[in-house]
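Hi everyone, thanks for making time this morning. I'd like to walk you through a structure, chain by chain, and then look at where the chains meet. Here it is on the screen.

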Amino acid sequence: MAANPMTQFEVYRIGPEIKIGTFDISFTNASLFMAISSLAILIIFNLGSKKNSILPNKIQLLAELSYSFVSKMISDTAGSKAKPYFSFIFSLFMFVLFCNMFGMIPYTFTVTSHIIVTFVLASFIFIGVTVIGFIKHGFGYLKLFVPSGVPVILLPLIVVIEIISYLSRPISLSVRLFANMMAGHTMMKVFGGFVISLGIVGGWLPLSFSVALTGLEILVAFLQAYVFAILTCIYLNDALNLHH
Amino acid sequence: MSKDPFKTRLEIAKKKVSRRNLEDKKRNPSSIGTAFKLSTELVSAVAVGTIIGFILDKTFGTKPWLILIFFFVGVIAGITNVVKSAKNMQK
């Protein structure tokens, strides 16, 4: 039964096996939930933007609120130069948020609890931001690794340190989201298992913990999507406005 | 002539809105975000440093030395990361 708290993260194939060469690209439960969350975003924002009434209904309100939330976040952290990248950051935020939130529904699969998913997202951001930086500033972008006002003797060490801290960005970005989601869901499963094993006598305490954890997990699901998007904005800000 | 009652009500409402905006700024979720950020910042830089050291060791055949050096460089990079984001938090 639900003895092992890690079985919820198992990826299994749905439907026929599809192979290209040696790569297995079959449709799995992870792909199913990614498709579901993308579809949900599409449906909500299509319905929300279909008729622009002055008195918005609930779906339109949701769409407008999330639009202004992300727009404010971008202008606060990355300035007006980052406006062209609004659509990217908005879809990124919405995708991570919906994946996290769909994971909170019982019997669903949390896509973002797999490091490969978050790492691919983070490395796309990393490569994209680096390319944008080089396009905007040319080789002047390398000045990011050379802080001003450093003595020449220390320079080689400082440059190596700066390069390592630059390379650590995608890892810290992906590990943060993955670890938070996986730890939270494992903990919820463990406490759920305690409720079953302690029965009607002692099961009330872990049950109350479970209820509290569910609330906490919903907060974490939102917050991690927010952190993911805001860090993308910060990295974009570094690439667009080159200063220290 | 006494003040227009609508105008006084408008002023009160405006004051309320501005006060609420101020409170919102204090409770900005980005501060929680940066707090979450700090924990992984340190670890990831150490990991990247160690991986770079490992790869360089393999290519140059200088088995234990470069991994040791880059491990400590990674630790320093992690600490500077944390200090940087802590400084950003105080802005």
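Let's begin with chain A, whose elements follow the pattern β-β-α-α-α-α-α-α along the sequence. That is six helices and two strands. Please keep in mind that this is a predicted model. The C-alpha trace of chain A spans about 70 × 55 × 45 Å along its principal axes. Of its 244 residues, 27% are buried. If you take the contacts in chain A between residues at least 6 apart in sequence, 66% of them join residues at least 24 apart.

Now chain B, which has three helices and zero strands. From the N terminus on, its elements simply run α-α-α. Chain B has 91 residues, and 20% of them count as buried. For contacts in chain B with a separation of 6 or more, residues 24 or more positions apart account for 61%.

On to helix packing. Two packed helices are described by the angle between their axes and the distance between the axes. Perpendicular or oblique? On the H1(A) side, the contact is made by A:Phe33, A:Met34, A:Ile36, A:Ser37, A:Ser38, A:Ala40 and A:Ile41. H3(A) answers with A:Met94, A:Phe95, A:Phe98, A:Cys99 and A:Phe102. By class, the residues of this contact are ten nonpolar, two polar and no charged.

H1(A) has another partner to show you, H2(A). The axes of H1(A) and H2(A) come within 8 Å and cross at roughly 105°, which makes H1(A) roughly perpendicular to H2(A). Here A:Ile44, A:Phe45, A:Leu47, A:Gly48 and A:Ser49 of H1(A) meet A:Ile59, A:Gln60, A:Leu62 and A:Ala63 of H2(A). This contact has six nonpolar, three polar and no charged residues.

Which residues touch the most other members of the largest nonpolar core? In this core of 52 residues, they are A:Ile89, A:Phe93, A:Ala225, A:Phe228, A:Ala229, A:Cys233 and A:Leu236. The elements giving two or more residues to the core come from both chains: H2, H3, H4, H5 and H6 of chain A, together with H2 and H3 of chain B. H6(A) gives the most, with twelve residues. Let me zoom in on A:Ile89. Setting aside neighbours within four places in sequence, A:Ile89 is in contact with A:Val70, A:Ile74, A:Ala229, A:Thr232 and A:Cys233.

One more residue in chain A deserves a stop: A:Phe126, in helix H4 of chain A. Buried or exposed? A:Phe126 has 20 other C-beta atoms within 10 Å, so this residue is buried, the cut-off being 20 or more. Beyond its neighbours within four places in sequence, A:Phe126 is in contact with A:Arg169 and A:Pro170. For a sense of scale, A:Phe126 and A:Ile105 are 21 residues apart along the chain, and their C-alpha atoms are separated by 31 Å.

How many residues of chain B are in contact with chain A? There are 20, and they contact 15 residues of chain A. On the chain B side, the elements giving two or more residues are helix H2 (29–60) and helix H3 (63–90). H2(B) provides the largest share, 14 residues. The chain B side divides into ten nonpolar, eight polar and two charged residues.

H3(B) also packs against a helix of chain A. The axes of H5(A) and H3(B) come within 9 Å and cross at roughly 70°, so H5(A) is roughly perpendicular to H3(B). From H5(A) we have A:Val160, A:Ile161, A:Ile164, A:Ser165 and A:Ser168, and they meet B:Val73, B:Gly74, B:Ile76, B:Ala77, B:Thr80 and B:Asn81 of H3(B). The tally there is six nonpolar, five polar and no charged.

Methods:
Residues numbered from 1 in each chain as written. Chains lettered and ligands numbered in written order. Predicted model: local features only at pLDDT ≥ 70, side-chain atom pairs only at ≥ 80, totals over all residues. Contact = placed C-beta atoms within 7 Å. Helix = DSSP H or I, 4+ residues; strand = E, 2+ residues; numbered from the N terminus. Nonpolar A, V, L, I, M, F, W, Y, C, P; charged D, E, K, R; others polar. Buried ≥ 20, exposed ≤ 12 C-beta atoms within 10 Å, placed from the backbone. Core = buried A, V, L, I, M, F, W, Y, C linked by C-beta atoms within 7 Å. Axes fitted to C-alpha atoms, helices over the stretch in contact; angles between N-to-C directions. Parallel < 35°, antiparallel > 145°, perpendicular 65-115°, else oblique.
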